[in-house]
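This report describes the fold of one chain and the way it meets its partner.

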Amino acid sequence: MQDEGTSVRKIRVLIAKPGLDSHDRGAKIVARALRDAGMEVIYTGLRQTPEQIVETALQEDVDVIGLSILSGAHMTLFPRIMELLREKGLTDVLVFAGGIIPEEDIPELKKIGIKEVFGPGTPTEKIVKYVLENAPKRES
Amino acid sequence: MLIDEIAKGVLAGDKRSIAKAITIVENSPSEAQRLIAILYPHTGKAHIVGLTGPGGAGKSTLIEKMIREYRRRGKTVGVIAVDPTSPFTGGAFLGDRIRMQELSTDEGVFIRSMATRNNPGGIAKATKDAVKILDAAGKDIIIVETVGAGQSEVDIVKVAQTVVVVHAPGLGDEIQAIKAGLMEIADIFVVNKADRENANKTVMDLQAVLQLDNEPKPWRPPILKTVALTGEGVSQLLDKIEEHEHFLRKELWQKRIWEKAQIELIEAIRDKVTSSIIEKLKREKKLEKILQKIVDRELDPATAAEKILNQELE
């Protein structure tokens with residue numbers, strides 16, 4: 001009854017798999033952890049182009065995008081995704097990444113707007129906590 | 001963004017505005033009301049197709065093929081894919097668009113995933129408002145996809161003009177599941193995965209159940225066969241949906257529109273009255289006292305409600 005007439009703004013997260021690798025166990029585990037933390041998680045499935053990911057983020061009006069990549073193409077795909085997000089005006093979306101991403105690439109990725117990078121073996125609790133604390137607070 | 005700006009964007013078909021508008025109807029009832037008030041005069045043009053059936057029947061794959069065929073026929077399409085919210089965590093995994101992702105960059109297609117949130121009773125009000133938004137945005141066809149067995153499937157008649165119930169062979173006791181309500185709401189049955197060898201048995205099972213219904217009806221729901229993976233039968237499905245739309249417009253349009261308007265009005269009154277009474281009780285700090293009496297078995301809920309309405313409670 002306490003929900004009558006009011007409702008809580010749910011955090012909406014897009015978990016996306018850019019590029020051509022075909023392993024999404026990590027992405028699904030993160031998706032599930034975020035769902036279990038009370039978020040609405042949209043999953044794109046495998047082999048997404050930057051255009052598809054950004055268009056999905058736009059239509060689903062998500063607060064957060066998690067990019068999962070294992071193929072090594074992050075230095076080409078991520079900048080393109082960030083560029084398209086800017087083009088579409090989705091500048092208030094929190095973007096984080098996970099997968100196989102070498103340590104030395106992380107500074108460059110942060111420079112283009114990827115807010116956090118989680119390597120293999122990161123406990124899901126850490127990712128959940130990060131998203132809960134950093135998802136943009138939006139009025140509607 | 002301001003409500004007026006968003007409404008203007010929706011009417012111009014701008015995707016960002018449509019997305020923002022749906023977020024508003026999901027989150028903020030008072031803003032939603034203002035938004036829908038602006039958009040409402042521009043609705044009523046789209047044909048709304050409800051697509052439902054048990055999980056694993058191939059609904060999302062079928063919708064993907066339907067969108068492609070509609071696009072080939074020059075129609076614009078909006079899709080609302082509804083998935084359940086976990087009653088335990090409040091979270092939801094929305095994976096229906098995985099099968100439709102290739103279409104997400106098509107200018108004439110808008111796909112939105114929605115969770116049922118705290119609406120165990122069926123289609124959320126937000127879903128109905130989202131349909132209105134896509135309608136006002138000029139989409140020719142709006143497909144609402146719902147999953148699971150139960151009330152939410154039956155509730156889809158309140159939103160959709162043509163209800164397509166999708167089944168597939170080998171899902172277990174599916175015919176039993178549809179007897180409990182789904183038979184009555186289906187305008188078209190689809191047996192998907194029709195390339196499987198036991199598909200004809202599913203068709204015959206459906207026929208057998210349909211024949212139990214002896215009442216003369218102006219529209220007998222046909223049973224179609226599709227193979228969503230290859231697209232087989234999808235064109236015929238679209239033809240059948242169009243045929244049903246023509247039938248509705250000729251025979252039942254006025255009646256359906258009035259029924260729908262009545263349902264929506266009743267629901268709106270119920271929502272408004274309920275929340276205004278609850279708000280008032282909270283403001284006057286009476287709510288807890290009443291609840292305490294109910295908990296203590298001094299008063300039953302129905303009598304309490306009546307007394308509240310008659311203002312007989314102190």
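In chain B, 72% of the contacts with a separation of 6 or more are accounted for by residues 24 or more positions apart. The model is predicted. Chain B has 12 helices and 8 strands, and its C-alpha trace spans about 65 × 50 × 40 Å along the principal axes. A compact globule with 314 residues would have a radius of gyration near 20 Å, and the 21 Å of chain B agrees with this. Of the 314 residues of chain B, 40% count as buried.

**The nonpolar core**

The largest nonpolar core holds 113 residues, of which Val13(A), Val41(A), Ile133(B), Ile143(B) and Val144(B) touch the most other members. Domain 1 (1–41) and domain 2 (43–252) of chain B both contribute residues to this core, so it lies between them. Ile143(B), leaving aside its neighbours within four places in sequence, is in contact with Val49(B), Leu51(B), Ile63(B), Met66(B), Val77(B) and Val79(B).

**The contact between the chains**

The contact takes 33 residues from chain B and 30 residues from chain A. On the side of chain B that touches chain A, the elements giving two or more residues are α2 (15–27), α3 (29–39), β3 (92–94), β4 (109–115) and α10 (234–283) of chain B. The most is given by α2(B), with 8 residues. The table divides the residues of this side of chain B by class.

| Class, side of chain B touching chain A | Number |
|---|---|
| Nonpolar | 12 residues |
| Polar | 14 residues |

**Leu58(A)**

Leu58(A) has its place in helix α2 (residues 50–60) of chain A. Is this residue, Leu58(A), buried or exposed? Leu58(A) is buried, because 23 other C-beta atoms lie within 10 Å, where 20 or more are required. Leaving aside neighbours within four places in sequence, Leu58(A) is in contact with Lys88(A) and Leu90(A), and with Lys15(B), Arg16(B) and Ala19(B). Leu58(A) and Leu90(A) are 32 residues apart in sequence, and their C-alpha atoms are 7.3 Å apart in space.

Key:
Residues numbered from 1 in each chain as written. Chains lettered and ligands numbered in written order. Predicted model: local features only at pLDDT ≥ 70, side-chain atom pairs only at ≥ 80, totals over all residues. Helix = DSSP H or I, 4+ residues; strand = E, 2+ residues; numbered from the N terminus. Rg over C-alpha atoms; globule rule 2.2 N^0.38 Å. Buried ≥ 20, exposed ≤ 12 C-beta atoms within 10 Å, placed from the backbone. Contact = placed C-beta atoms within 7 Å. Core = buried A, V, L, I, M, F, W, Y, C linked by C-beta atoms within 7 Å. Domains from an automatic or database assignment. Nonpolar A, V, L, I, M, F, W, Y, C, P; charged D, E, K, R; others polar.
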